[in-house]
Amino acid sequence: MIRNRILYLLLITAIVKTASAQEAVIGLQSDYSMSLRKSGVNVKGLAAETLEIPFFDDFADQLTYPDQRRWSDEFVLINNTYSDKQITTGIATMDALDNTGRLYEIASSTGFEADHLTSQPLNLNYGPIENLRLSFFYQPGGLGDRPELNDSLSLQFYAPVENKWYSVWHSTGNQSTVFKAVILLINQPRYLMRGFRFRFVNYASLSANLSDPSMVGNSDHWNIDYILLDKNRPANDTVFSDIAFRLPLRSIVKSYEAMPWKQFRQVYLQEMGSFIPVSYRNNDQIVRNVTRNFQIRDIHRDIQTHFFSAGATNIAPQTNVDYNANLIYTYNTDNPDSALFRITASLVTDEFDPKENDTLVYYQRFSNYFAYDDGSSEGGYGINGLGSRNAMAALRFNSFMQDTIRAISICFNDSYMNTNKRSFDLMVWNDDNGMPGNNVFSKEEVMVEQGEGINGFYTYKLPDGVPVDGNFFIGWRQRSETFLNAGFDVNTPHKGRQFYWLNGNWSQSQVQGSIMIRPVVGNPLITTSIKDIQEDSRNHVKIWPNPTSEYINIDPGELQLSSPVSITIFDIAGRKLMEVPFQEQIDISTLREGICFLAIRSKTRTLSVTRFIKIR
């Protein structure tokens, strides 16, 4: 019995079906943030050109996709969540997923060639005496799956005249998960010419145990950071005169990454954080000075609501700094239903310091749902093995006022061969001294579904709503021993709020992270999706065609446009994609596929927000 209750964190390795039931966290079977990728080709208007050196990329100014001004393919994931040890914000992660975000068709347990990260053509028409060197930092595993000994990361150089790739460096798996520096001299004549390229390739392997396909998934993560190719570099030139942010900004609400606006306004003095935490690093070999500035902006009103400087400070060389900037402020806006604030942290450094990694942006969302997760799924959660039929998983939330649960949103990952496509019971429990108590709602035999867009949240409506006040729990009950594979955010510890039920008892979860499940509360839902950026139905404009690939027409209808207005397009994560003066037709051909929001704005406020879908 005791053996049946053992909990452990399982990354990637599958569990045989005859094992005792237990919690498990595995690698992703798919990545919805990559599901809209093109097939390794350039975005329109960004055709490859031969680049001059220096070539530099620390992936700080990108998200999801490599910058196609520097890279010719889109197979790796640019992120800031798969490592907590990077030297600058932003890393490129290689894994076992293809350019559609699914496991490679050739994926096997014996090994296969997986992701590529290929530079655009470069002009290396220099002599050997120029001391051209390529350097980079790499990390096996990080917060993902550590590659095994037979897995590897390879660096290859392209010889233009021979039209041939040569392997010049590689590293095998099963190593320490710290970032390591590599620097290589480029002095062979076959490379010293116009049209040279370099690329990283990872060789991965799936778990050798395929008896439970629902648990066989993404594996063998390699993180790459701070790539520099330049001339006149000594052999030990891997220390850079750079002060940089390392980790992303997080919520400055104490309990949640996101929460309903009406709930926050009930307890804003209690829930508003008293500082903004930032993490930065001096990568130089001398003491450097930096000034820390912070800005908060109300996106709906398009105004700055707070700005302060944390002053200047000296940083010792090769030192990480975790700093809490004191904050005397609380979110406030005149919108009664929702709010969106942009937090910007910036470092003021010397002129010679690279600037791409000196700014961080975080969007604090207040809509109609609670969320502990940050929207980034680094793994899959479930309860698996003999005896897991009827097992339950639950996550505790706190409603600060009388409210009603209208829906439950869950991020479910794809499984190998869709083997987690099973039915389960959706559940709500009341509180029993901090643990799940009586079942107050259940919806039987709902199907595992993947949602649209980034992160793949699917919203299950509760027909009549469930009243809540104070602590409550949401989750599921399994109807089989199949691993359901819910999205799992490694970067947000559940802090004792996550539980699972086996053999008649509730136990606190021992895995480090949070199930990606969110209660939707408030008024009855009209649509089946949650919008972080709210559409304004009172001033709804007409846009067509929708979906669209090349352009959109805009009819403002009854919207009054007496003063100069602009059109701003955001992606589903709230990032600004483009901004132009108002016109009745705009070209959106350079945007990536996905859900977008079009906002019509005056100088003082947002007049209308409308959603559209960009397709190929």
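How many aromatic pairs does the count come to in this structure? In this predicted model, the count comes to 44 aromatic pairs. One of them joins Y256 and F397, whose rings are stacked, with 6.3 Å from centre to centre and 5° between the planes. This pair links distant parts of the chain, 141 residues apart: Y256 belongs to the loop between β13 (243-245) and β14 (258-260), whereas F397 belongs to strand β22. Both Y256 and F397 are buried.

A further pair, Y331 and F366, is edge-to-face, with centres 5.3 Å apart and an angle of 70° between the planes. Y331 lies in the loop between β18 (319-326) and β19 (339-348) and F366 in strand β20 (residues 359-367), so this pair ties together parts that are 35 residues apart in sequence. Y331 counts as buried because its relative accessibility is 0%; F366, at 1%, counts as buried as well. Elsewhere, one aromatic cluster is formed by F55, F59, W71, F136, Y138, W169, F198, F200 and W222.

Aromatic rings also meet arginine side chains. R190 lies over the face of Y166, 4.2 Å from the ring centre. Likewise, the charged end of R292 sits over the ring of Y323, at 4.2 Å from its centre.

Strand β22 (residues 392-411) also holds R406. R406 is buried yet has no salt bridge, and D403, the nearest side chain of opposite charge, is 6.5 Å away; a salt bridge would require a distance within 4 Å. The side chain of R406 instead reaches the backbone oxygen of G522 at 2.8 Å. Beyond four places away in sequence, R406 touches residues including K461, D464, V521, G522 and P524.

Key. Residues are numbered from 1 along each chain as its sequence is written. This is a predicted model: local features need pLDDT of at least 70, side-chain atom pairs count only at pLDDT 80 or more; totals for chains, interfaces and linings use all residues. Side-chain values use heavy atoms; hydrogens and water are left out. Helices (H or I, at least four residues) and strands (E, at least two) are DSSP runs, numbered from the N terminus. Buried means under 20% relative accessible area, exposed over 50%, partly exposed in between (1.4 Å probe, protein chains only). Lys and Arg count as positive and Asp and Glu as negative; His and the chain ends are not counted. A polar contact is a pair of N or O atoms within 3.5 Å; within protein, one must be able to donate a hydrogen and the other to accept it, and residues adjacent in sequence count only if both atoms are side-chain atoms. Contact means heavy atoms within 4.5 Å. Rings of Phe, Tyr and Trp (its six-membered ring) pair if their centres lie within 6.5 Å; planes under 30 degrees apart count as stacked, over 60 as edge-to-face and the rest as tilted. A charge sits over a ring if NZ of Lys or CZ of Arg is within 6 Å of the ring centre and within 35 degrees of the ring normal.
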